[in-house]
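This briefing goes through one protein model, topic by topic. Please keep the sequence and the 3D view open while reading.

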Amino acid sequence: MGKNIIDKGYDPVDIEQKWYRQSMEQGFFRAQDRSEKKQYSIVIPPPNVTGMLHMGHALNNTLQDIMTRFKRMQGYNALWMPGTDHAGIATQNVVEQELARQGLTRHDLGREKFIEKVWEWREKYGGIILNQLQKLGCSCDWERERFTMDDGLSRAVREVFVRLYNDGLIYQGDYIVNWCPRCHTAISDLEVEYTEEQGGLWYIRYPCADGDGEVVVATTRPETMLGDTAVAVNPGDERYKAFVGRDVILPLMNKKIPIIADDYVAVEFGTGAVKITPSCDPNDFEMANRHDIEIIIIMDGSAVINEHGGPYQGQDRYEARKNVVEDLKKGGYLIKEEPYTHNVGRCYRCKTVIEPAVSKQWFVKVKPLARPASSAVVKGRTKIVPAMWEGTYFDWMDNIRDWCISRQIWWGHRIPVWYCDNCNEIIVANDEPTACTSCGGTDTLRQDEDVLDTWFSSALWPFSTLGWPDETEALGTFYPTSLLVTGFDILFFWVARMMMMGLYVMKDVPFTHVYLHALVRDEHGDKMSKSKGNIIDPLEMIDKYGADAFRYTLTAFTAQGRDVKMSEDRIQGYRFFVNKIWNAARFCFMNLEDYPAQGVTPSQEDYSVADRWIRDRLNQVTEDTIAALDEYRFNDAASRLYQFVWHEFCDWYLELIKPMLYSTDSEKGKRAAQETLVTVLKTVVQLLHPIMPFVTEEIWSMLPNTEGSIVISPFPEALESLWDDDAVMRMKMIQDVITSIRNIRGEMNIAPSKKLSVVLSGSDGTSMEILSGGKHYIADMANLEGLTLEQDLREDPKHAATGIAGSVKIFALLEGIIDIAAERARLDKELAKVLKDLTMVSRKLANQDFREKASPSVVKKEIKKSEDLKEKGGILENALKRLDALEG
């Protein structure tokens, strides 16, 4: 063959490093800005510079790499754009923690020095995750790596801000926002994580100012009453019709506030009357605007009560709550307190409870941007896969709120707005102005202190990474991009915003397909977390089992709309699959030593039925794999390839052709088998390559008549000449007969090494002709010492176990092969044990106390045990029936 026989065992470490390095050195991952090929492009969801590779990254990037490698092999000019996100709040927190260990704060350094520190940190640690992606095998065009804070992207951010502002789509205003007292910044609605928590519901008496009656309100946050400016009831609530328009006295603060009527108030909540604190609740804020009610801010940026809180000034919100409740009790205002479960919003970064706060912020007016983004999906310009997420996308777009884009931190894109302290002029510009455009002052300008939400720059990612606002060749070639692969959890954070910005800036969608994958959980379906101890580290798995096995596991369990259940055992299982591929290749190469270097071209008559059959099946798996990948059915592609390689190719074909390969009787038949081996192995490694890039490259490099890298080899296509229905029909009958004989062996406890004599009875001439032609396959694969063919056998042989394969009857002659009495005793004993175990499991499952107290995974395990025992019992009972038939 002219190429060396491969090693007995496959060691991924050296092989993976070797081939990845070679691909990088030879530029196989590079895309061309100008090319005659059709374009295919993906922009990576930029991981945070603070990030380390976790299972979500591994899944997301494996799927992107599969599609990039697949399309590259199909002849596309394939670009996978890499990069990282500056991750404003997260990165600033990391650097602040480093400073804290030195006894410093960012304020000790000042803004400019602190930003320098963050850049230093980014240069030192920011590329770690990209190196980890390379270990995973990601075939990005690394020479194009971008960063959301690099000069080009920063320019794009300023340009879009200015355009939006000039078009009246960015405005500044006092608004209630989600405020993090720990991070000291506003965060968007999407950055608030809600958890159901146990709290309290306090019922407080508000006396009427005229001394006639009182109104009782229920609240989960009594400390906020310090900023109450009204009490509200539903206008349809008959209980309070006489109270609307009157005043009550605000307890502890001793001031009058009005009773108003508003449809927002839920009659069934608490007493039907609610306190209105516009500065501490978004719904109260909206109500205050509707009724022109005073807004009193009672907390500072750290959630500490300010001067408007009277005697509680200087107290943390929780300390104030405790003291307010105590004082309400002392004053006779607290009627009762009861447990109450409600949703509590926490900062997605530091997990601090969010405090709604009124402050001056910058907003994007998103409704005009959302309409075309919704329309684009309705019209199919962008397709969301799975389609089940389209409804969620539309619902969010229809109910979208203006987007708060200002953040009170230092690391990020500083808002390109300048204020003139001399004449109060506001200047919004791409470049820093040298003088006030109104009064001409040169030393009176100061820039807005806030930075933009990280997601603002991320929303521009599909076109800013390609060079916009310049009209680059890359932008003209690769925009709109072909596919976005991301988690469903950032459909609103990122996908929707990219749709809005892409259509606004580029007048075209940013991508034609969006594939939303689910979450990676543990094998029981539980979320991975440090506290549970069920986190799987991708890098550890790659070191232990190799990137190919790890990638294949992720792919095999990625079904549309379903979470990926991952365990180390499953990764190990696919490591066995890598070994299977390796050993199959090794067998092929060992049997190709005398194969001509230039190859052979057998005539159709030289191919055996097994050769013809495997070529047809190869055609089918090629067609199935292409369809599955084109439709993002990743698990189907992995499953189909696994089934073909392990079962059809290894278990059947390689075993079927061994006699031909080892024989010297038919030179033409042997050459046809060898040529088939080469064809199948070559095609298989190409089909597997997008999922398993390394082991396939190693095998490819040793195959005869292959040139260059598998990375840039043409992806296989189904060929009309390889379809062979006749061979498939013949092999099915032969396989069914072999399987039936093997089943008889298993049920009768006959060792595979023990030779049998078998009689086959066909019902027609066609069956007999197929059986006659496949007689040598049956004898070899079923380990027979005698095989007799009879058409329409009139009398069944005595002492024979029977089987059926379609129209063929199988008789395994067992006289002298087994001791019927001893076999019956063995089966009776085994069946008794199975029935005893089944009774115990059934009692446990029938016990309601067990089902209620045991964990779901334990109950599931017992149900599986019951099912397995029933199946085993059925097999043993059938075996006993076979013995009865033998004796009869």
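Which residues of helix 18 are buried? The buried residues of helix 18 are Ile 571, Tyr 574, Arg 575, Phe 577, Val 578, Ile 581, Trp 582, Ala 584, Ala 585, Phe 587, Cys 588 and Phe 589; buried means under 20% relative accessible area, exposed over 50%, and partly exposed in between, with a 1.4 Å probe and protein chains only. This is a predicted model, in which local features need pLDDT of at least 70 and side-chain atom pairs count only at pLDDT 80 or more, while totals for chains, interfaces and linings use all residues. Residues are numbered from 1 along each chain as its sequence is written, and side-chain values use heavy atoms, with hydrogens and water left out.

**Overall**

- The protein has 28 helices and 29 strands, taken as DSSP runs numbered from the N terminus (helices: H or I, at least four residues; strands: E, at least two).
- The C-alpha trace spans about 110 × 70 × 55 Å along its principal axes.
- Of the 888 residues, 54% count as buried.
- Among contacts (heavy atoms within 4.5 Å) between residues at least 6 apart in sequence, 77% join residues at least 24 apart.

**Helix 18**

- Helix 18 covers residues 568-590, which is 23 residues.
- From first C-alpha to last, helix 18 reaches 33 Å, close to the 33 Å expected at 1.5 Å a residue; the expected span is 1.5 Å times one less than the number of residues.

**Nonpolar cores**

- A nonpolar core is a set of buried Ala, Val, Leu, Ile, Met, Phe, Trp, Tyr and Cys residues joined through side-chain atoms within 4.5 Å.
- The largest core has 212 residues, and those with the most contacts inside it are Phe 161, Phe 456, Phe 649, Tyr 653, Ile 778 and Leu 814.
- Helix 20 (residues 634-662) gives the most to this core, with 14 residues.
- Apart from this core lies another, of 29 residues, among them Leu 250, Ile 298, Val 325 and Leu 328.
- Leaving aside neighbours within four places in sequence, the contacts of Phe 161 include Trp 362, Pro 416, Leu 452 and Phe 456.

**Pro 386**

- Pro 386 is found in the loop between strand 15 (383-385) and helix 11 (388-398).
- Pro 386 counts as buried because its relative accessibility is 7%.
- Beyond its neighbours within four places in sequence, Pro 386 is in contact with Leu 516, Gln 560 and Gly 561.
- Pro 386 and Arg 633 are 247 residues apart in sequence and 10.0 Å apart in space, C-alpha to C-alpha.
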